[in-house]
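Please consult the sequence and the coordinates alongside the text.

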Amino acid sequence: MQHVSPIREPLVTGGKTYADITEDVCRQVEAKPNMRWMMALGVSLIFLAIFFYSVYRTLWFGIGEWGLNKTVGWAWDITNFVWWVGIGHAGTLISAILLLFRQKWRTSINRAAEAMTIFAVICAAMFPVLHMGRPWLAYWVLPLPNTFGSLWVNFNSPLLWDVFAISTYFSVSLVFWYIGLIPDFATIRDRATGPIARRAYALLSMNWTGSAKHWSRYETVSLILAGLATPLVLSVHTIVSMDFATSVIPGWHTTIFPPYFVAGAIFSGFAMVLTLMIVTRKVFKLEDYITLEHVESMNKVITLTGSIVGVAYITEFFIAWYSGVEYEQYAFINRATGPYWWAYWSMMTCNVITPQLFWFRSIRRSLTATFIISIFVNIGMWFERFVIIVTSLHRDYLPSSWVMFSPTSIDVGIYVGTMGLFMTLFLLFAKFFPVVNMAEVKSILKSSSGVSHTHNPDASMHGTAPKNSHKHD
Amino acid sequence: MTSKKYILGVFEDEDVLLNAIEKTRAAGTKIYDVFSPYPIHGIDDVMGIERSRLPIVAFFCGLCGTSFALWMQIYMLGFDWPMIIGGKPHIAIPSFIPVTFELTVLFAAFGMVITFFIISGLRPTLKVPVMDVRSTDDKYVMAIELKEGTDINKLNDLLRSNGAIEVNEKEVVK
């Protein structure tokens, strides 16, 4: 029986069988770490050390170690926070929204994308926590009765909504990711030869046997979690944007922020998935699972969301003029022509112009071009957040308080340090966890691998497919 | 310590397996369970597995989350320590919506997942009762419990004639 579409390219190439999938994915987990992985981990650990040093300086000497001043009280910290949260969004988008839309191409990339979500949210969370100055009092953001009696947290503040949104998002994503990992942990457990590996994966796989009844419930759970995670993704970045939008700062006080931030988040998230996936598929020899078809699909999403972001920039400018509010108009003219013009135009170039190159099929299907453009998009999205935050703050209503912001080495250290944290976590994940969701790839293999795996002579003949063949959606 | 014996039919193709499940059930044999490396679509119908009621669990857990969040915010800011913030009323329902939504999702997701773990008997353990380790790789395994007086040869024939590539016996000590 074959369900291969005549117009769609296969999602798994190379004539793989089910056993090949297990072998290809488990090989990385079971083999000794190779030299390239060790070197990558070494570099990541150096960056992680920079992170710890910068955090130590921040905690020991205080927030004065950062380049903040009275006018620009939020700068790189919140820029990096929003940037990292945005990057995290693609993972949930790929695993949840594309699951609801029954997009089969998500299966090879969802595992790594979800891992990316978890790690990006961890990196993001570092910034607001450190910005508190006294992170050991971070529990004050929780609705706990404090020492003065029952003075509670302010539920009217978007900053508190963020606390609830980010922690819910993180924990639900973690559960979703873990649920997806259970069957694959069981596969590794059943193949494991060493006693430590067998015990570790036996604990992680939670008694999973692959029983039909469990699979049935498992699919229900995945679908509902996807249904819950989808509005969650949208709410998280909407609430992040409300941190700005509910203020009265010109350039922030905009109703377009929620949809515009969500589109930007998906845009930067997909770029990060591409950056990582292009490297991972090469290093782990997963070219048959993460194919050009996958890269092209993601590039199409980047083109769409990049265009939405482009339209949002132009709309913001138009509304600033159309509103007739002179402060708003000044804020936008200052963004484009003021002292931070270079940040604004970097953002415009990276986010509006570069993704439009993906209209050309040859560029969309070129790995080198995709890799370069995905880096550009990541840089562009960082500048977007920087432009929104710093250019709006550095010149507000009171000209006597106008200043420039420049980051200190500690600002830079924490930022590149979180990249080290992210890469360290990702490398450990790639070594000890299955990078590709084996169970899900196996479930689409028959319908989109381009090779017949059937052993049933009746079923392979045309017109005599067995009764249940239509159940493969 | 009780031990149970099972007959395991090993299959190599999901369509053959689905067909064999139907034939086995039609022959009046009760199938203990089927193990597969991935979810097979359509197996619920042939196995007679009822639709899971987990969505209902998720709904009611979500409802608990909504009520808890609304109660918490109304009680804290409306009654226990009323604060005037930006001239808003103490009980400003619109600004309570984000937290209410997040807690609804949190309760629904965790309630459903915890229920799923409990009813499926999924818990961290070192001894896993796997019938055949190949069922997490590339084979499909149909397990039939062997009771007193079951004709092994007849079961063997039934499984083989429906496409099983191997038929094994397995004793599980519980």
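How much area is buried between chain B and chain A, and what percentage of that area do carbon and sulfur atoms give? In this predicted model, the buried area is about 6200 Å², and carbon and sulfur atoms account for 67% of it. The size of an interface is often expressed as the accessible area lost when the parts come together.

**Interface between chain B and chain A**

- Chain B contributes 71 residues to the contact, and chain A contributes 67 residues.
- Across this interface, 21 residue pairs are in polar contact, with both residues at pLDDT 80 or more.
- The elements of chain B that each supply two or more residues to the side touching chain A are helix 1 (14-26), strand 2 (33-35), helix 2 (43-47), helix 3 (54-80) and helix 4 (93-119).
- Helix 4 of chain B gives the most to that side, with 17 residues.
- Classified by residue type, the side of chain B that touches chain A comprises 45 nonpolar, 11 polar and 15 charged residues.

**Domains and strand pairing in chain B**

- The domain assignment divides chain B into domain 1 (3-49 + 127-173) and domain 2 (53-120).
- The centres of domain 1 of chain B and domain 2 of chain B, taken over C-alpha atoms, are separated by 45 Å.
- Strand 1 (residues 3-11) of chain B runs antiparallel to strand 4 (residues 166-173) of chain B, and 8 bridges join the two.
- Within strand 4 of chain B, Glu171(B) is the residue that stands opposite Lys5(B).
- Strand 1 of chain B also runs antiparallel to strand 3 (residues 140-146) of chain B, to which 7 bridges join it.
- Glu145(B), in strand 3 of chain B, stands opposite Tyr6(B).

**Salt bridges**

- Over all chains, the structure holds 20 salt bridges.
- Between chain B and chain A, the count is 2 salt bridges.
- One salt bridge joins the side chains of Asp13(B) and Lys446(A), at 2.9 Å from N to O.
- Within chain A, the side chains of Glu296(A) and Arg364(A) meet in a salt bridge of 3.1 Å, N to O.
- Because Glu296(A) lies in helix 9 (residues 292-323) of chain A and Arg364(A) in helix 12 (residues 361-364) of chain A, this pair ties together parts that are 68 residues apart in sequence.

Conventions
Residues are numbered from 1 along each chain as its sequence is written. Chains are lettered from A and ligands numbered from 1 in the order in which they are written. This is a predicted model: local features need pLDDT of at least 70, side-chain atom pairs count only at pLDDT 80 or more; totals for chains, interfaces and linings use all residues. Side-chain values use heavy atoms; hydrogens and water are left out. Contact means heavy atoms within 4.5 Å. Buried area is the accessible area (1.4 Å probe) that two parts lose on being put together, summed over both. A salt bridge is a side-chain nitrogen of Lys or Arg within 4 Å of a carboxyl oxygen of Asp or Glu. A polar contact is a pair of N or O atoms within 3.5 Å; within protein, one must be able to donate a hydrogen and the other to accept it, and residues adjacent in sequence count only if both atoms are side-chain atoms. Helices (H or I, at least four residues) and strands (E, at least two) are DSSP runs, numbered from the N terminus. Ala, Val, Leu, Ile, Met, Phe, Trp, Tyr, Cys and Pro count as nonpolar, Asp, Glu, Lys and Arg as charged, and the others, Gly among them, as polar. Domain bounds come from an automatic or database domain assignment. Two strands pair if DSSP finds at least two bridges between them.
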